[in-house]
Amino acid sequence: MEQKKRYICLFVENEIGVLARISGLFSSKSYNMDSLSVGETEDPTVSRMTISLTSDDRTFEQIKKQLNRSVEVIKVVDYTDIPIHMKELMFIKIGSCSEKDKAEIFRIAQVFGVSVRDYSKTTVLLECIQTEDRNKELIALMSEMFVNRIEVVRGGGVAIEAVSIAER
Amino acid sequence: MEIKGTELFVKALKEEGVDTLFAYPGGMAIDLFDQLYDEDDIEVILPRHEQGLIHAADGYARATGNVGVCLVTSGPGATNLVTGIATANYDSVPLVCFTGQVMTNLIGNDAFQEVDIVGIARNICKYAVTVHKREDLGRIIKNAFYIARTGKPGPVLVDIPKDIQVAMGSSEYPDSVNIRGYKPSTGVHAGQIKRVMKLMDQAKRPVFLVGGGVRISHAGEVLTQLVEKSGIPVMTTIMGKGAIDTKHPLYIGNIGMHGNFASNNAADKCDLLISIGTRFSDRVTGTISEFAQNATIVHIDIDPASISRNIKVDVPIVADARLAIEAMLPHTKKYKISEWVSDIKKWKEEHPINMNSYEGMTPEKIIHKINEMFPELIITTDVGQNQLWASQYLDLGPKKRLLTSGGLGTMGYGLPAAIGAKLGTEGVPVLCISGDGGVQMNIQEMATAVVMELPVILCVFNNGYLGNVRQMQELFYNKRYSYTCLRCRRSCEHRCLRNEEECPSYTPDFVKLAESYDAVGIRVEKEEDIEAAFQKAMSRKTGPTLIEFIIEREANVFPMVPGGKALNEMILDS
């Protein structure tokens, strides 16, 4: 069956062990998970997760049902085919930079719409708030240009339903 | 007024109607036990091992329909519950398991007898939680009982640290539940029922497939009405057997790996399969792609996640089995399917299940004797050949019920479950059918049966083998009986030539073992002695009887669908 990228927005009880419960569900049933981000919401008793994964239709239906039957899960919303805004925070640190490299990185930042957050004589730190796909493309570009000199940390996508325009 | 956590605990049990508690003390549960010492309304049962304890609570819950309640200490007390939790989870048995825990300020310090039981149990139970604050204790216990018994029932674990047990706090025990993430379905979708009725109108070869869900929701009576009104034949899974009287003319038999030919053939040939309260486990379906290929499939289940998981379903209905059947009943009429019904009857007559190819005292003959001698009965089993023979040959119905570990397949379940069942149903004879392997996994519970003065009858089918695995080794591994012989000793030839005369004697001697527990032990080797043994056991009113049946060493369970094969590829006999 066709593998497809999916997004789930999950409202859960903000309690000890709930993250373990959700990640345990994925691992115990061999469901693949691309990323998971979680944080408290405007209601401190509720946490909200954004989960991105790749699966076929049938497995995805099972995943949603299994999440729904967990007592700790308050609501499951499928973001796969609805208009959403989705962004991921990523830092890229580039080391051993020459002056020429630095100039190049500043140009890249301008073109890709990411910011230079910090730099020293030889190191530049980029802050990239983009979609997961754009971040992935940027990593590919940077690892090709600065072989073995980049360090990446990604936060996992965070998504919210769109109001009138969408971006994912 | 403020009261201690332990006081609220006991108050909660009483409000939930708990009169039987399966409990084993320890350092982190001692305060709860101290509180229970003053109680006269809760009978505390002290099994001899926590695994036996939880299976007993499970047997009690299955026999009575009430929540089974366990109380054990932290660490090993808690980990010994694990197999029992998974057993109950698979078979949808409502349990609430309380575990003591080290003081909250010691959690994470690797304190003595500390274990993260919630972390261990999380994936094998319906819900698991640690009480971190005294003020949450009442609400958590209330929720635990509600979650355990509603929807698809299951085990819930509540971990209570020692300092929470002794802390003072509100005496309030909530009288209502509101869990925002847990709203089990309570209705039946009328439109979907209409679709089923239309399919039933059109079908030429319809059949009901009934699983454990029908028994859990006490829908046996309405199911029987539905079957009689519609004239549609019915087959069961092992867990569903007895939902309709097995002597009913429209009852076909068990489906699946060790089901009868007629059922498996009916599944293969039917054009409408209406399944109620079963999740299409691999033991039921055989090769999934070839299961009921010619049929439109209706699936009624309380658990949305069971639907279209293993089998692609045409009409899904998320509902309690009884409510769904009650919704179908008024719209049901007598369908014109007499040819189909007589085909099934013919298959059933042409391919009966029996052990006629074996001589002497076969399990079939023993079980027939049980059918004949006990008009009312609860039977528990272990897992393996004993369980399969029981599921094949037992007559079941409203007055004869089978309790067995169907999903997890837990050896050692039978004896403690029989003890629990007996505690819950005084007056009903309780009999356990076990093998010589499984019975030794929780044999220590003989002591519990003796001290609780319970006249359970423990039948041990002794063939000196782990018979079900041996059977597979015989059929599919070229008779290489790798570590399945329980008579084998270190001094035996490593790959034994199976010369019976030279075989070492069996250990233990079950008759002496029973006697050492102050129970009665009887060894039966001949068919004509079966009845007398049961009569003696039935005459005992205050203690257990162990009857060891020496059976043919290499008798097999047939028919059989080999693992990974389709239902129409079954082996009928040796």
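Radius of gyration here is taken over C-alpha atoms, and the globule rule is 2.2 Å times the number of residues to the power 0.38. I checked chain B against that rule: its 574 residues would give a compact globule a radius near 25 Å, and chain B has 24 Å, which agrees.

Before going on, I note that this is a predicted model, where local features need pLDDT of at least 70, side-chain atom pairs count only at pLDDT 80 or more, and totals for chains, interfaces and linings use all residues. Residues are numbered from 1 along each chain as its sequence is written, with chains lettered from A and ligands numbered from 1 in the order in which they are written.

I looked up the extents next: the C-alpha trace of chain B spans about 70 × 70 × 45 Å along its principal axes. Burial came out at 54% of the 574 residues of chain B (buried: 20 or more other C-beta atoms within 10 Å of the residue's own, with C-beta atoms placed from the backbone).

Then the domains, whose bounds come from an automatic or database assignment. Chain B gets domain 1 (2-170), domain 2 (190-350) and domain 3 (363-550). I find 30 Å between the C-alpha centres of domains 1 and 3 of chain B. Their contact takes 22 residues from domain 1 of chain B and 25 from domain 3 of chain B (contact: C-beta atoms, placed from the backbone, within 7 Å).

Which helix gives the largest share of the domain 1 side in chain B? That is α3(B), with 11 residues.

Note on methods
Buried ≥ 20, exposed ≤ 12 C-beta atoms within 10 Å, placed from the backbone. Contact = placed C-beta atoms within 7 Å. Helix = DSSP H or I, 4+ residues; strand = E, 2+ residues; numbered from the N terminus.
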